[in-house]
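Please open the structure in your viewer and keep the selection tool at hand. The tour below goes from the whole chain to single residues.

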Amino acid sequence: MWCSRTALGRLRRIAPCTVTGFHRAMSTLPKVYVTRKVPPDGVDILRKSGQVQIEMWDSDEPVPRLELLKKVKGCDGILCVLTEKIDIQLLEAAGPNLKVVSTMSVGFDHLSLDELKKRGIRVGYTPDVLTDCVAELTVALLLATSRRLTEATHEAKTGGWGTWRTLWLCGHELANSTVGILGLGRIGVAIAERLKPFKVKKFIYTDVAQRVELANMIEAEYVSFDELAEQSDFLAVCCALTPETHGICNWNLFSKMKRNAIFINTSRGGVVNQEDLYKALSTDLIAGAGLDVTTPEPLPTNHPLFSLKNCVILPHIASASYTTRNTMSALAANNLLAGLRGEPMPKELKL
């Protein structure tokens, strides 16, 4: 497994250290637009390379769409994040010079892959380097949901903490439980590895096909989608958002789950039918849900899911550690530079 700290060191060594590009006129260098204020390691790599002209939307807030369409005109490369839709409108605005799109994300549902492929534009992304960070957050969210920590904190702060009561704020334990994983990849394996010390009895998973090598690492059993729903005490969603997985976690899934089951999603909001999830939670069909991703993002504060005590919602922070975000930024920058040089990218999405 690629540790984030090790990966960061490797990526720094990949970064070009020559400055010969500075001896050329700036107007001859490839033009790059960075759509967000990204962590400093990536920006430093681009600037010190001497190989590109950089313009950046220097803000933590997303670049307005009209501004984005204006700024990408004539660009050779774009470094974006998952809030920017790289679609046919943007690609037409950018024009024929665009050679590379590098996204600082492991997900790529914000990219119009067919249009990028049609135009021969290469795509870089940042898988693997956030595995540990996402797995840690998933376990934290699972525990917070199953042991009702958010609800308990609220009670302690608002005067609900009275005399000791036998069943007050009781939750569900991992010991002797069955943990199900929907979509077994590196993150699913990393989650299971962290849950093993909690004396989980059994790991099960389902995917589009059996993942024998990965499953053997955690001694997980392949089951059908229905069996995953029926057997899981804790169900962690780790699959990518694709046309096949869009809305796959719906009433059909929730209605088959145990009443004491905990549902956790740290993948993409679009894999969940939130209306069905609300119905399942509000009628105690399942015990609780923890979500780091929603549709839309941010989720409106008046959304019904926020009204439920048995639903813990986080603002998409699974990869939010200083180490991981800097590593993602560095990888995105190195992908961009390699693509512009016509070289193999450290991590390229094959279209």
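How far apart do the C-alpha centres of domain 1 and domain 2 lie? In this predicted model, the distance between those two centres is 32 Å. To see them, select residues 31-129 together with 323-349 for domain 1, and then residues 149-157 together with 171-309 for domain 2.

Next, select residues 32-348, the span to which an unreviewed UniProt entry gives the annotation "domain: D-isomer specific 2-hydroxyacid dehydrogenase catalytic". This span is 35% helix and 15% strand, and its end C-alpha atoms lie 18 Å apart.

Now turn to a pair of helices, α6 (residues 131-146) and α8 (residues 186-195), whose axes come within 8 Å and cross at roughly 55 degrees. Angles from 65 to 115 degrees count as roughly perpendicular and those under 35 as roughly parallel, and α6 and α8 are therefore oblique to each other. The crossing of α6 past α8 is right-handed. Show the side chains here, and you will find that residues of α6, including Val134, Val139 and Leu142, meet residues of α8, among them Ile187, Ile191 and Leu195. The residues of this contact comprise 8 nonpolar, 2 polar and 4 charged ones.

From α8, move on to Lys199, in the loop between α8 and β7 (202-206). Lys199 is not a glycine, yet it has a positive phi of about 65 degrees. Most residues other than glycine have a negative phi, and most peptide bonds are trans.

Finally, select the loop between β11 (288-291) and β12 (311-313), where Pro296 lies and where Pro298 is also placed. The peptide bond from Thr295 to Pro296 is cis, with omega near -5 degrees, and a cis bond likewise joins Glu297 and Pro298, with omega about 0 degrees.

Definitions and conventions: Residues numbered from 1 in each chain as written. Predicted model: local features only at pLDDT ≥ 70, side-chain atom pairs only at ≥ 80, totals over all residues. Heavy atoms only, no water. Domains from an automatic or database assignment. UniProt positions renumbered as here; feature names shortened; annotations may be inferred. Helix = DSSP H or I, 4+ residues; strand = E, 2+ residues; numbered from the N terminus. Axes fitted to C-alpha atoms, helices over the stretch in contact; angles between N-to-C directions. Parallel < 35°, antiparallel > 145°, perpendicular 65-115°, else oblique. Left-handed = near helix turned anticlockwise from the far one by under 90°. Contact = heavy atoms within 4.5 Å. Nonpolar A, V, L, I, M, F, W, Y, C, P; charged D, E, K, R; others polar.
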